[in-house]
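Please read it beside the sequence and the structure shown here.

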Amino acid sequence: MEWRRLWFWVMVVVLMTEGAVSVSGGNVTYDGRSLIIDGQRKILFSGSIHYPRSTPEMWPSLIGKAKEGGLDVIQTYVFWNLHEPQPGQYNFSGRYDIVKFIKEIQAQGLYACLRIGPYIESEWTYGGFPFWLHDVPGIVYRTDNEPFKFYMQNFTTKIVNLMQSEGLYASQGGPIILSQIENEYQNVEAAFHEKGPAYVQWAAKMAVNLQTGVPWVMCKQTDAPDPVINTCNGMKCGQTFGGPNSPNKPSMWTENWTSFYQVYGGEPYIRSAEDIAFHVALFIARMNGSYVNYYMYHGGTNFGRTSSAYVITSYYDQAPLDEYGLLRQPKWGHLKQLHAAIRNCSTTLLQGMRTNFSLGQLQEAYVFREESGGRCVAFLTNNDEKNNATVQFQNTSYYLMPRSISILPDCEKVIFNTAKVNTSYSKRITRSAQIFDSVDNWERSKDVIQNFEPTISLQSNTLLEHMNVTKDKSDYLWYTMRFDHNISCTEPVLRVVSLGHVAHAFVNDIYIGNAHGNHDTKQFIMENPVVLNNGSNNISLLSVMVGLPDSGAFLKEDLLAYKELKFTATTPINFTILLIMHGDTRLDYLEKTCNI
């Protein structure tokens, strides 16, 4: 009996030990070749999975599939507007439980990259900013502006302190090996003139002074101050990245776009597994790349009102894991094989000396060779997009498919070609979960058409800017007006000019039409004939927002500019309402001729 009890306890201990797979970070540094974790150089493959774009129940499966796909790191933004909906009021529960998400990453043996921002863009409403920032006196976003810097530093510090209190930085034994401050700021830096570079310096210094014990990065920021690492975003960083701005910084790719976001009225962007693999291999070979993050690895869902302007709820559905967390084949499987091939020769890639030379007009070789031991890795590249090529390398012929890279971990045998896909294509099948085939399952809902009432509390002689009224509490706002019409006019027309998103028009409670803009064409004009009553007439316009903008130098000003102008259409989400008689658009002429 005693030996059986002892065997039972040994079995339990072994099972528990094997099940508790987790990483503990340690000292994270870097040099001109790679990140160095606990003294070991690493080539790291990372994938973006955003915790609020899925559910906590999905997190273990998503992270597990990422790990099975050969990833080392999970990368996520931090979403300011979710976590601080009002100044000083914080929410880290449910889908917003970032600590639980990071701990799940650690439990599955992966590292984490925390992109605090706190401006994130990410096709997320208002770029992740909470709307209450809009009403802070004197604030100008993302520049050398004291009110903005105060709130930005306050939130960044809040997140860092939260991670430190939970022991989640690698310097504490946690999984977080990288943090990011700001986001693609160089896209707008010039708009702020001398205050742009000053803000970059301040943001970098502020972040570094938080003493996280891990490196900070700035993406698409060639002037990132030391010790912050400048990184690349895009689809072709092996060709477009100018490289680190210091020889002591590694080449890192923080956003390798596996697809692209989709807008209403647009088509899905399909990026092939072959193209992604080609550019990953090229980045490693040509740029000495040592960190590649797939944006997105799982896109998920923009729940509620979180999408930015005109962006649909499904986010990066064409990623290696689709919106529902299912494998998107062959993308997932092909990249898994690429990761295995790179990992097979990572020691030589990190320690060897790199040379490159031509193998033909559009063909070249990148060779990594260790000084001690003589181990060698080769990347044979065919840049011809249409034609196959046969090249000679070390007295051996190699066949290269169009637009492809062959990886030779010993400079002899090909173990992977980026254009040769061995994974079968998957097909997503949907089925009906519930059928509404009974009258009892349906209810009729009828909206009340709002009309002008003199007793209403909010009145103005001008059209008020939509978001400045709703404060992002609703996507809908009624504009109403009433006037007396006492003479007949031929074919009156209601004309609405807007830089908003959608407008629905009603005249005397009768629906007369709608119009909308789109992601690329902001302004729209709605012209509809109307029938007017002799006497009192009501015009009701329902203004609709389809998400707030997420980018641009002046997010705050874009919502407020020209709000004082009367009868013009030069502001987003603002209306010009003119009654047109005989096609004349002059309001003063209408007043004289039709007594409106």
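## Overview

The protein has 13 helices and 25 strands, and the model from which these elements are taken is a predicted one. Of its 596 residues, 53% are buried. When contacts between residues at least 6 apart in sequence are considered, 68% of them join residues at least 24 apart.

**The barrel**

- Eight strands close into a barrel, with parallel pairing, and their order is β4-β5-β6-β7-β8-β9-β10-β11; from one strand to the next, the twist averages 30°.
- Strand β7 (residues 176-181) runs parallel to strand β8 (residues 216-219) and is joined to it by two bridges, and here Q180 stands opposite V217 in β8.

**Helices against the barrel strands**

- Helix α5 (residues 146-165) lies across β6 (111-117), β7 and β8, and its direction makes an angle of about 160° with β6.
- Helix α9 (residues 331-344) lies across β4 (44-49) and β11 (289-298), running at about 165° to β11.

**The packing of α5 and α6**

- Helix α6 (residues 195-208) packs with α5 at an angle of about 25°, the two axes being 11 Å apart.
- Since angles under 35 degrees count as roughly parallel, α5 and α6 are therefore roughly parallel to each other, and their crossing is right-handed.
- On the α5 side the residues that meet α6 are F148, K149, M152, Q153 and T156, while their counterparts in α6 are Y199, W202, A203 and M206.

**The nonpolar cores**

- The largest nonpolar core has 122 residues, and those with the most contacts inside it are I102, L114, M163, I177 and F379; helix α8 (residues 273-286) contributes nine residues, the largest share of this core.
- Leaving aside residues up to four places away in sequence, I177 touches V28, L35, I37, L44, V73, Y111, A112, A170, V214 and P215.

**The open sheet**

- Four strands form an open sheet with antiparallel pairing, in the order β19-β24-β21-β22.
- The edges of this sheet are β19 (476-485) and β22 (510-516), each of which has a single partner strand, so one side of each is left without a neighbour in the sheet; the twist averages 15° from one strand to the next.
- Strand β21 (residues 502-507) and strand β24 (residues 535-544) run antiparallel and are joined by six bridges, with V507 standing opposite I539 in β24.

Technical notes
Residues numbered from 1 in each chain as written. Predicted model: local features only at pLDDT ≥ 70, side-chain atom pairs only at ≥ 80, totals over all residues. Heavy atoms only, no water. Pairing = 2+ DSSP bridges. Axes fitted to C-alpha atoms, helices over the stretch in contact; angles between N-to-C directions. Contact = heavy atoms within 4.5 Å. Core = buried A, V, L, I, M, F, W, Y, C linked by side-chain atoms within 4.5 Å. Buried < 20%, exposed > 50% of the residue type's maximum accessible area, 1.4 Å probe, protein only. Parallel < 35°, antiparallel > 145°, perpendicular 65-115°, else oblique. Left-handed = near helix turned anticlockwise from the far one by under 90°.
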